[in-house]
Amino acid sequence: MNFSEAFKLSSLLCKFSPDGKYLAACVQYRVVVRDVSTLQVLQLYTCLDQIQHIEWSADSLFILCAMYKRGLVQVWSLEQPEWHCRIDEGSAGLAASCWSPDGRHILNTTEFHLRITVWSLCTKSVSYIKYPKACQQGISFTRDGRYMALAERRDCRDHVSVFVCSDWQLLRHFDADTQDLAGIEWAPNGCVLAVWDTCLEYKMLLYSLDGRLLSVFCAYEWSLGIKSVAWSPSSQFLAVGSYDGKVRVLNHVTWKAITEFEHPTNINNPKIPILRGGAGLSRLQVVYKEAEKSPQQALDHPAFPPCRAAAGLSSPESKYEIASVPVSLQMLKPAADRANPKIGIGALAFSPDSYFLATRNDNVPNAVWIWDVRKLRLFAVLEQLRPVRSFHWDPQQPRLAICTGGSKVYLWSPAGCVSVQVPGEGDFQVLSLCWHLHGGSLALLSKDHFCLCFLDSVEVGTAGGQRGDHT
């Protein structure tokens with residue numbers, strides 16, 4: 001495992017291009033485009049103000065830069081550096097901006113969600129879509145790029161419109177049976193649209209492409225409801241995380257829950273009732289606890305040879321140890337008098353092969369739970385020393401990268417897990433991370449810098465290469 005030098009960064013704006021060839025990073029009002037293999041600067045673009053959002057077009061030929069405070073969007077071309085496009089929303093303001101799947105149209109949402117403006121880079125034509133709803137996730141494109149679903153609010157009722165992305169003609173329009181729609185998301189195969197209600201009511205609705213209501217799922221009533229949603233890449237499962245600390249997995253045949261994944265804080269014996277719904281008892285495979293290495297251990301067993309000077313590290317190295325039961329996970333007591341309480345399943349994600357599901361229970365902030373979807377059982381728990389900020393799966397294999405805001409990055413695979421210190425002068429606090437398309441490298445993002453972490457072919461295959469540290 002090797003690390004690049006650190007490069008400057010602003011607002012955690014760093015993204016790989018969809019084709020994996022380029023890496024764009026923002027430094028205040030500039031966009032620096034680098035070659036991924038050499039990290040040499042290919043292009044440097046200067047915008048009119050500080051950038052709040054960047055996004056690659058699907059074909060990796062254009063970069064969108066949004067400056068929400070100025071109501072501006074600037075678009076840059078990699079093939080023709082002298083060409084650029086400027087879109088000014090004027091007094092309407094700008095709340096969000098994104099590419100259409102074809103990479104030739106830009107969708108700008110005005111302030112107060114008054115409308116969505118569709119700008120064409122080819123014909124310079126403009127289209128308007130009225131009544132977009134201000135919600136958690138109000139726009140969703142099918143993976144093949146043919147259709148867009150839009151959540152709308154008109155006449156005090158929720159609606160969903162389906163548009164054809166090639167000409168932006170309305171294909172279907174139907175009422176959504178929700179009190180206050182919170183989000184929509186297409187299944188990866190584009191056949192089913194998931195629509196979920198406000199967190200004040202547990203309701204998940206499944207619609208077909210032509211607007212037919214396929215099923216309604218409600219796990220309970222009179223309590224806080226859905227908090228997070230994730231489709232499996234195979235489109236066979238829909239994981240629904242809720243404020244009661246459980247994940248319910250719906251199947252694509254009956255749209256009923258095939259199991260519930262609970263997240264107990266106390267693990268007293270190897271067999272605990274993790275699953276319900278006919279699966280019986282589940283055997284817990286392993287609980288990994290992060291522990292700080294003693295200075296002598298760090299000298300005797302260096303984690304990886306650093307490629308940058310490792311002097312001046314302010315945080316000690318750590319390792320994973322296999323915990324023996326009983327295990328008590330650190331629990332956070334939420335403030336009852338504050339909005340958005342830190343409870344429930346705040347994050348969940350399927351592995352690219354749909355074999356594993358990673359979850360985080362927000363009132364157990366230091367733990368990541370990994371479930372075996374094929375056998376419907378708990379596979380592993382990773383308890384960190386600090387609260388987990390984010391985790392992301394390798395796009396090519398079941399390998400999970402985790403960051404906690406410290407100077408380490410954590411990798412898990414079915415073979416094991418490892419804690420890796422990010423080398424360099426000072427304390428590089430990893431606040432976020434993203435995988436390269438081919439899974440061979442990671443971009444690690446801190447407040448003011450980013451670096452790349454390169455994984456060898458041997459280390460790629462065995463994330464548990466530090467197995468000696470697990471015992």
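## Contacts and overall make-up

Among the contacts in the chain with a separation of 6 or more, 47% are made by residues 24 or more positions apart, a contact meaning heavy atoms within 4.5 Å. This is a predicted model, in which local features need pLDDT of at least 70 and side-chain atom pairs count only at pLDDT 80 or more, while totals for chains, interfaces and linings use all residues. Residues are numbered from 1 along each chain as its sequence is written, and side-chain values use heavy atoms, with hydrogens and water left out.

The chain holds two helices and 44 strands, both being DSSP runs numbered from the N terminus (helices H or I, at least four residues; strands E, at least two). Of its 471 residues, 55% count as buried, that is, under 20% relative accessible area with a 1.4 Å probe, protein chains only. The accessible surface comes to about 20,900 Å², of which 51% belongs to carbon and sulfur atoms; the areas come from the Shrake-Rupley method with a 1.4 Å probe.

## A four-stranded open sheet

Strands β7, β8, β9 and β10 form an open sheet in that order, with antiparallel pairing, where two strands pair if DSSP finds at least two bridges between them. The edge strands, each pairing on one side only, are β7 (53–56) and β10 (84–88). From one strand to the next the twist averages 15°, with axes taken as lines fitted to C-alpha atoms and angles running from 0 to 180 degrees between N-to-C directions.

Within this sheet, β8 (residues 62–67) and β9 (residues 72–77) are joined in the antiparallel sense over six bridges, and I63 stands opposite W76 in β9.

## The β40–β41 hairpin

Strands β40 and β41 form a hairpin with two residues between them. The two strands run antiparallel and are joined by six bridges, β40 covering residues 408–413; Y410 has S419 in β41 as its bridge partner.

Strand β41 (residues 416–421) is mostly covered, with six of its six residues buried. G416, V418 and V420 point one way from the strand, whereas C417, S419 and Q421 point the other way, and all are buried.

## The largest pocket

The largest pocket has a volume of about 1,300 Å³. Of the 33 residues that line this pocket, R143, E185, H392, W393 and P395 are the closest to its centre. The elements giving two or more residues to the lining include β7, β19 (183–186) and β38 (390–393), while β42 gives the most, with four residues.

A pocket here is an open set of points on a 1 Å grid over the protein atoms alone, where a 1.4 Å probe fits, with protein on both sides within 12 Å along at least five of seven lines; lining residues have an atom within 4 Å of a point. Grid points are joined across faces, edges and corners, and the volume is the space filled by probe spheres set on the points.

Terms used: Buried < 20%, exposed > 50% of the residue type's maximum accessible area, 1.4 Å probe, protein only.
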